[in-house]
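Colleague: I have a new model on screen. Can you walk me through how to read its features?
Modeller: Gladly. Here it is.

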Amino acid sequence: MSLVFKTIQTEGIAELSYLLGDNDEGIGAIFDPRADVDVYVDMASEAGLAITHIFETHIHADLVSGSRELCARLESARIYASGEGGAEYGFEPDKVKDGDRFTFGEVLVTARHTPGHTPEHMSYLLAEADHPDEPWAVLTGDSLFVSSAGRPDLLGEKHTKQLAEQQFHTLNDFYLNLPDHLMIYPNHGAGSPCGADIGARLSSTIGYERKFNKFLQFADAESFTDYAIKTAPPVPHYYPLMKRINAKGPEILGNLPRVPGLPPKAFKEAIEKKAGVLVDTRTMLAFGGGHIPGALNVGGSPILSIWAGWMLDPDEPILLVLESENDLEEIVRLFIRTGYTKFAGYLVGMKAWDAARFPLAEVGQMNVHELNKRARDLQIVDVRSPREWKNGHVPGARHIFLPDLRKRIGELDRSKLTAVYCGSGYRASIATSILKREGFNELWNVPGSWEAWKKAKLPVEGADGQ
């Protein structure tokens with residue numbers, strides 16, 4: 001046997017998928033693929049594997065599943081999805097039941113129903129075929145994470161208590177009965193909102209989690225439920241939509257969506273005709289130095305996938321401004337991971353826009369030392385999450401979580417000098433682009449934001465400070 005086992009990490013959405021197979025037999029499986037599936041096709045080919053099985057651990061809420069897209073690219077593959085917990089699909093996967101076994105050469109995969117994060121959730125034990133009852137690893141999906149566990153509240157309040165109880169029993173009756181040496185490979189790493197404070201490591205062992213994972217320390221379902229709900233991060237607005245798309249079956253794209261390049265005049269006309277929402281994916285400093293009036297700044301780093309989900313309507317086409325035309329393919333990949341497939345075009349060059357003498361707007365940049373010096377004269381807005389705010393904030397700041405900014409904008413005074421900060425400046429730049437569009441003219445973003453404030457040892461209010 002020549003085992004192939006590879007982890008595919010998708011930054012931004014912090015998703016982990018897996019390639020498993022036996023290259024002596026030349027067959028393999030993918031678990032929980034993302035929407036842009038070329039990486040799996042290429043990786044399997046390099047490993048000498050034909051993908052025959054595409055497994056889903058559950059109906060995902062945080063990204064568009066790539067199972068149907070991947071299946072359409074392959075001749076011999078089938079999709080395998082949970083048939084437990086009343087799961088219903090708008091397409092026809094092969095239904096997997098608790099205890100079902102699948103063989104890839106000398107690799108044995110056993111499905112185990114592990115409800116809690118979702119009712120249908122499946123985990124997969126990995127073993128050698130010669131030792132079927134002695135697994136060496138488990139693919140935990142969203143049920144057990146490094147230092148955390150899958151949240152039970154994504155189906156709404158009326159289902160949370162039941163799911164939390166199921167999650168408690170999954171953790172205690174299944175995972176804690178596995179041997180300490182067993183490796184765990186979860187569906188998410190640090191940064192995913194699918195669990196609270198997921199650890200930075202991509203894998204762990206049952207023994208390590210048994211000792212240190214707070215979610216495995218509860219003796220009863222009631223106390224576990226209280227903790228799971230209390231520690232859960234805010235539910236992203238796009239999660240219910242992802243659930244519906246993945247249960248129905250995502251549209252098969254065939255290739256990345258085509259995005260036409262538009263010269264400045266045509267791009268300006270498209271804006272005036274409201275052909276789409278204007279999104280500037282350049283860095284906060286480039287955006288602040290000069291941008292098209294009305295643009296929303298969602299920087300082109302991997303977390304664009306999450307913040308597009310929070311801030312944009314997937315039914316509205318997107319007019320793109322790029323740092324470089326060479327970035328187009330990667331930016332489109334980031335958008336499609338959370339369901340954005342409609343594009344009205346991209347601007348061929350901000351320099352050309354500037355050369356055409358078309359309008360430009362600016363957002364000032366204020367470092368943390370100047371923010372501290374001028375604090376009494378400023379309306380300071382903190383757009384971090386509630387938990388970040390409670391763990392310490394700039395003295396005198398007003399807290400408005402970024403996804404709530406549009407509906408709470410009336411709480412702010414447009415006539416005041418306003419500075420906005422977050423963790424690093426990325427979210428603050430999104431916020432300042434919204435405020436700029438809403439008539440806040442005396443406005444500054446704070447590059448470095450809370451990270452820079454803490455490093456400078458400036459005054460702190462809240463849990464970490466006075």
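**Pockets, sheet, helix contact, cavity**

Modeller: α2 (67-73) and α6 (239-248) each supply at least two residues to the lining of the second largest pocket. Keep in mind that this is a predicted model.

Colleague: Which helix gives the largest share of that lining?

Modeller: α6 does, with 4 residues in the lining of the second largest pocket. The volume of this pocket is about 380 Å³. It is lined by 20 residues, and Ile245, Pro250, Glu251, Gly339 and Thr341 are the closest to its centre.

Colleague: How many of the lining residues in the second largest pocket fall in each class?

Modeller: The count is 8 nonpolar, 5 polar and 7 charged.

Colleague: Now the largest pocket. How much space lies in it?

Modeller: About 1,100 Å³. The residues lining the largest pocket number 36. Gly191, Pro233, Ser385, Glu388 and Arg427 sit closest to its centre.

Colleague: Which helices supply at least two residues each to the lining of the largest pocket?

Modeller: They are α5 (221-231), α9 (304-311), α13 (386-390), α15 (426-437) and α16 (449-455). Of the elements, α13 gives the most, with 4 residues. By class, this lining has 17 nonpolar, 10 polar and 9 charged residues.

Colleague: α9 and α15 are both on that list. How do I read the packing of two helices?

Modeller: Take the axes, then the crossing, then the side chains. The axes of α9 and α15 come within 12 Å. They cross at roughly 30 degrees, and the crossing is right-handed.

Colleague: Which residues make the contact?

Modeller: From α9, Leu304, Trp307 and Met311. From α15, Tyr426, Arg427, Ile430 and Ile434. The classes in this contact are 6 nonpolar, no polar and 1 charged. Note Arg427: besides its part in the contact with α9, Arg427 is among the residues closest to the centre of the largest pocket.

Colleague: On to the sheet. What is the strand order?

Modeller: Read across the sheet, and then look at the sense of each pairing. The order is β1-β2-β3-β4-β5-β6, in an open sheet of 6 strands with mixed pairing. β1 (3-10) and β6 (94-96) are the edge strands, each pairing on one side only. From one strand to the next, the twist averages 25 degrees.

Colleague: In what sense do β3 and β4 pair, parallel or antiparallel?

Modeller: Parallel, over 5 bridges, between β3 (residues 27-31) and β4 (residues 50-55).

Colleague: Which elements supply at least two residues each to the lining of the largest cavity?

Modeller: α2 and β5 (78-82). The largest share, 3 residues, is from β5. By class, the lining of the largest cavity has 6 nonpolar, 6 polar and 2 charged residues.

How values were computed:
Residues numbered from 1 in each chain as written. Predicted model: local features only at pLDDT ≥ 70, side-chain atom pairs only at ≥ 80, totals over all residues. Heavy atoms only, no water. Pairing = 2+ DSSP bridges. Axes fitted to C-alpha atoms, helices over the stretch in contact; angles between N-to-C directions. 1 Å grid on protein atoms, 1.4 Å probe; cavity = no way out; pocket = protein on both sides within 12 Å on 5 of 7 lines; lining within 4 Å. Points joined across faces, edges and corners; volume = space filled by probe spheres on them. Nonpolar A, V, L, I, M, F, W, Y, C, P; charged D, E, K, R; others polar. Left-handed = near helix turned anticlockwise from the far one by under 90°. Contact = heavy atoms within 4.5 Å.
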